[in-house]
Amino acid sequence: MTDRDVFEYALLRVVPRVERGECFNAGVVVYCRARSFVAARTHLDEARLAALDPAADVAGVRAALRAVEGVCLGGDAAGQAAGDDAGRRFRWLIAPRSTVVQPGPVHTGLTADPEAEVERLLDLLVR
């Protein structure tokens with residue numbers, strides 16, 4: 001049996017018109033405390049975005065999604081969160097906010113490979 005660790009994840013939702021509440025999944029953020037691991041992967045479906053809001057700022061949404069990936073990477077890409085550990089960066093990213101890119105609720109699971117889990121969840125829940 002392989003060693004598995006608890007991980008947490010949240011979906012990233014695009015809500016082009018916050019007042020309408022319509023959304024679709026555009027990414028996932030995964031955190032595994034035991035491995036000091038945090039990562040995000042995103043995939044923007046531009047056709048879905050246009051269906052919900054033909055005037056949506058596609059470049060702005062892409063930039064917001066890339067920013068989440070950057071915070072997970074740490075270092076210079078994380079901006080003010082550069083000095084924070086993986087857990088603090090994850091908690092900051094999953095904090096509720098009323099913007100076009102929003103985190104969903106946090107879920108948990110067990111994994112032997114957090115990096116593979118990010119890709120699996122992206123394929124399963126986003127693409």
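Predicted model: local features only at pLDDT ≥ 70, side-chain atom pairs only at ≥ 80, totals over all residues.

Me: How many disulfides does the structure hold?

Reply: First the general idea: a disulfide is a covalent bond between the sulfur atoms of two cysteines. In this structure there are zero. The cut-off for the sulfur pair is 2.5 Å. For Cys 72, the closest cysteine sulfur sits in Cys 32, 13 Å away, so a bond is ruled out by distance. Cys 23 has its closest cysteine sulfur in Cys 72, and at 20 Å that is too far for a bond.

Me: Is Cys 72 buried or exposed? And what about Cys 23?

Reply: Cys 72 is buried, with a relative accessible area of 3%. Cys 23 is partly exposed, at 40%.

Me: Now helix α3. Which of its residues are buried?

Reply: Helix α3 covers residues 86–94, and its buried residues are Ala 86, Gly 87, Arg 89, Phe 90, Leu 93 and Ile 94. Look down the axis of α3: those buried residues fall within an arc of 165°, so they line one face of the helix. The face turned away from that buried side carries the exposed residues Arg 88 and Trp 92.

Me: What do the buried residues of α3 pack against?

Reply: They pack against the strands β1 (5–14), β2 (24–32), β3 (37–42) and β4 (101–111), and also against helix α2 (58–73).

Me: Which residue caps the N-terminal end of α3?

Reply: That's Asp 85: one of its side-chain oxygens lies 3.1 Å from the backbone nitrogen of Gly 87.

How values were computed:
Residues numbered from 1 in each chain as written. Heavy atoms only, no water. Buried < 20%, exposed > 50% of the residue type's maximum accessible area, 1.4 Å probe, protein only. Helix = DSSP H or I, 4+ residues; strand = E, 2+ residues; numbered from the N terminus. Arc of directions from axis to C-beta. Contact = heavy atoms within 4.5 Å. Polar contact = N/O pair within 3.5 Å; in protein donor to acceptor, adjacent residues only side chain to side chain.
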